[in-house]
Amino acid sequence: MNEPWQQANLSSWNARAALHMRDATGFYDVDAFLAGKDTLFPIDAAEIGDVRGKRLLHLQCHFGMDTLSLARRGAIVTGLDFSPVAIEGARDLAAKANLPATFVQADVYDARRAVEGSFDIVYTSWGTICWLPDIRAWAQVVADMLAPGGTFYFADSHPSALVLEERDGVIRPTYGWRTPKDRPDAFTDATSYTGDAFEKPVTDYNWIHPLSDILTGLMEAGLTLEYLREHETLPSKLFPSMVPTGDRMYRLPDGAVPIPLAVSLRAVKRG
């Protein structure tokens with residue numbers, strides 16, 4: 001890791017993983033997962049489809065709850081994450097849940113070197129590509145990991161929402177719509193998105209990738225788009241004024257101008 005942002009983001013995610021696995025705020029509801037609850041959020045739960053018997057690779061899997069939920073659905077799962085704390089936690093969670101899974105510690109850009117074989121499904125969701133400077137290289141990794149005819153499923157915050165920030169109750173454009181690779185946006189936070197407090201504030205470096213770059217990157221890598229869907233809910237409060245929908249998702253409050261908050265897509269690797 002040669003860039004300062006790389007070490008900062010790794011340190012941040014090691015700290016986040018430790019907090020999230022302790023689950024003091026109940027955001028992840030680890031106990032309910034161990035009791036059998038499926039942890040996929042409503043959007044990807046409805047769209048991922050039948051995974052039984054499929055070889056599935058979960059990129060940027062964090063500490064493995066969604067990976068293991070997909071194992072419960074019958075997939076043969078491999079999870080990859082760059083955080084050693086997260087991967088150790090994922091392996092421990094798999095053992096506690098008595099679920100078969102392979103977890104690999106590696107940077108997502110190194111996935112092809114770190115993981116053997118090809119997959120029927122590559123899956124990535126919620127808060128992933130904002131950590132990556134090169135979206136076309138990411139798209140090529142997705143294609144490289146898929147078997148011919150394999151499918152890629154993706155769900156994340158909508159880029160048009162990520163350029164906005166709420167200040168004094170007003171949501172306004174704040175960030176550039178396409179972040180230069182060498183000039184990421186820096187954020188310093190005292191708490192994680194779960195509400196858990198860090199021992200000391202952490203600084204993260206993020207990138208916004210427009211839909212045009214995401215889609216073009218996937219198509220240039222040899223994938224064919226099956227669908228692109230936009231949604232007015234998110235699994236976390238991107239803006240302080242957002243309100244719960246009752247299904248672990250959040251939306252803008254009544255009276256707010258509707259905007260797309262999330263995007264999902266499925267694409268197939270040409271044979």
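The side chains of R16 and D204 are joined by a polar contact of 2.4 Å; a polar contact is a pair of N or O atoms within 3.5 Å, where within protein one must be able to donate a hydrogen and the other to accept it, and residues adjacent in sequence count only if both atoms are side-chain atoms. The model is predicted, with local features needing pLDDT of at least 70 and side-chain atom pairs pLDDT 80 or more, while totals for chains, interfaces and linings use all residues. Residues are numbered from 1 along each chain as its sequence is written, and side-chain values use heavy atoms, without hydrogens and water.

R16 is part of helix α1 (residues 4–22). Its relative accessibility is 4%, so R16 counts as buried (under 20% relative accessible area, 1.4 Å probe, protein chains only). Leaving aside residues up to four places away in sequence, R16 touches W131, D189, S192, Y193, F198, V202 and D204 (heavy atoms within 4.5 Å).

An open sheet of mixed pairing is formed by 7 strands in the order β3-β2-β1-β4-β5-β13-β10. β3 (102–105) and β10 (223–231) are at the edges with a single partner strand each, so one side of each has no neighbour in the sheet. From one strand to the next, the twist averages 15°.

Two helices pack on the sheet, as tabulated here. Angles run from 0 to 180 degrees between N-to-C directions, with axes fitted to C-alpha atoms, for helices over the stretch in contact.

| Helix | Strands touched | Angle |
|---|---|---|
| α4 (residues 65–72) | β1, β2, β3 and β4 (119–125) | about 175° with β2 |
| α9 (residues 211–220) | β5 (146–157), β10 and β13 (262–269) | about 155° with β10 |

Terms used. Helices (H or I, at least four residues) and strands (E, at least two) are DSSP runs, numbered from the N terminus. Buried means under 20% relative accessible area, exposed over 50%, partly exposed in between (1.4 Å probe, protein chains only). Two strands pair if DSSP finds at least two bridges between them.
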